[in-house]
Amino acid sequence: MNNLLEVKNLVTRFDITDGVMSRASARVHAVEDVSFEIKEGETLGLVGESGCGKTTTGRTILGLEDATSGDIIFDGESVLNKTGRDRFDFCRAVQMIFQDPYSSLNPRMSILDTLSEPIKVHQLHKKNDINNRIVELLKQVNLNPEFAKRYPHEFSGGQRQRISIARALALEPRLIVCDEAVSALDVTIKAQVINLLMDLQAQLNLSYLFISHDIAVVERISHRVAVMYLGRIVEIGPRSAIFENPTHAYTQKLLSAVPVADPRLRRTERTTAAEEIPSAIRPLNYTPPQISYKEVGPDHFVAVENA
């Protein structure tokens, strides 16, 4: 199975400015030397606490944030310096499902307009065929095609997120970045949307970068899992290896914080819960420590800080 996406030594930093001259006084090391790959038809779960840099990683891949250094390779070609038509084609091939189903849809646009706009911009279908495509998209996400004439405020959060999924599918992408795509939904609807994403993946051979802090959801949907801490991936491997044999201390603490549906299990029998993640703000002259990755099992790697 070929790699669809390769992220190599990706670094994303943001300067903090102050004073009249807006000079940089410190720097946020949001993403620091991150590398991973996603194969065709595969889901990579990127998991970690809020503030660890996982959303910035996804936004940098899509070009919504500028990379400081490193490379992003999609279908064998670097995309960081793409412009014009090449960039336009990449934007079609990689789509995003945002976290908040309430703010990610334009309240002034009907669902028909919301779904047809990207199709028109990319000229994927003739004008007479667009309505048929909208009907097909709504059916794919299990919504009534008659909903196309309605506006976002007329839908529940779960229905809005299904519309967001349909919007991502409108451009027939190969990779979808799901940024906390189910975190705003209640438990029952969350399960339905996860099952929908898995069904769509099987039907369309989609690849997902699934960003979440919800360990249970990541375990359900992912083929491989990358654990992120303070801008770095500290452990990456197959789902079974990460959940059955967590090696890095942070991964162990992260998993220990997951509630267990067993009242007989005493809290003392589990590892102490993870501490609050430290700030990623560093002085301008700060040099991040160098790390390497040790293989602890088949395709299972854990970060080790170099001496």
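Helices, a sheet and a loop proline

Author: In this predicted model, helix H3 (residues 111–121) packs against helix H4 (residues 130–140) at an angle of about 115°, and their axes lie 10 Å apart. Being predicted, the model shows local features only where pLDDT is at least 70 and counts side-chain atom pairs only at pLDDT 80 or more, while totals for chains, interfaces and linings use all residues. Residues are numbered from 1 along each chain as its sequence is written, and side-chain values use heavy atoms, with hydrogens and water left out.

Reader: Why are H3 and H4 called roughly perpendicular to each other?

Author: The angle between H3 and H4 is about 115°, and angles of 65 to 115 degrees count as roughly perpendicular, under 35 as roughly parallel, over 145 as roughly antiparallel and the rest as oblique. H3 and H4 are therefore roughly perpendicular. Such angles run from 0 to 180 degrees between N-to-C directions, with axes fitted to C-alpha atoms.

Reader: What makes the contact between H3 and H4?

Author: Contact means heavy atoms within 4.5 Å, and the residues that make it include Ile 111, Leu 115 and Ile 119 of H3 and Ile 130, Ile 134 and Leu 137 of H4. By class, this contact of H3 with H4 has 8 nonpolar, 2 polar and 2 charged residues, where Ala, Val, Leu, Ile, Met, Phe, Trp, Tyr, Cys and Pro count as nonpolar, Asp, Glu, Lys and Arg as charged, and the others, Gly among them, as polar.

Reader: What makes S6 and S12 the edge strands of the sheet?

Author: The open sheet has 8 strands in the order S6-S7-S8-S3-S9-S10-S13-S12, with mixed pairing. Strand S6 (94–97) and strand S12 (291–297) each pair on one side only, and they are the edge strands. Strands here are DSSP runs of E with at least two residues, helices are runs of H or I with at least four, and both are numbered from the N terminus.

Reader: How do you know that S12 and S13 pair?

Author: Two strands pair if DSSP finds at least two bridges between them, and S12 and strand S13 (residues 300–305) pair in the antiparallel sense over 6 bridges. Within this pairing, Ile 291 stands opposite Glu 305 in S13. S10 and S13, which also run antiparallel, are joined by 2 bridges, and there Glu 235 stands opposite Val 302 in S13. S9 and S10 are antiparallel as well, with 6 bridges joining them, and Val 227 has Glu 235 in S10 as its bridge partner.

Reader: Why is H1 said to be largely enclosed by the rest of the structure?

Author: Buried means under 20% relative accessible area, exposed means over 50%, and partly exposed lies in between (1.4 Å probe, protein chains only). In H1, 7 of the 9 residues are buried, so H1 is largely enclosed by the rest of the structure; among the buried residues are Thr 56, Gly 58 and Ile 61. Strand S10 (residues 232–238) is likewise largely enclosed, because 6 of its 7 residues are buried.

Reader: Why is Pro 259 called exposed?

Author: The relative accessible area of Pro 259 is 73%, and exposed begins over 50%, so Pro 259 counts as exposed. Pro 259 sits in the loop between helix H9 (249–256) and strand S11 (281–282). Between Pro 259 and Tyr 286 there are 27 residues of separation in sequence and 37 Å in space, C-alpha to C-alpha.
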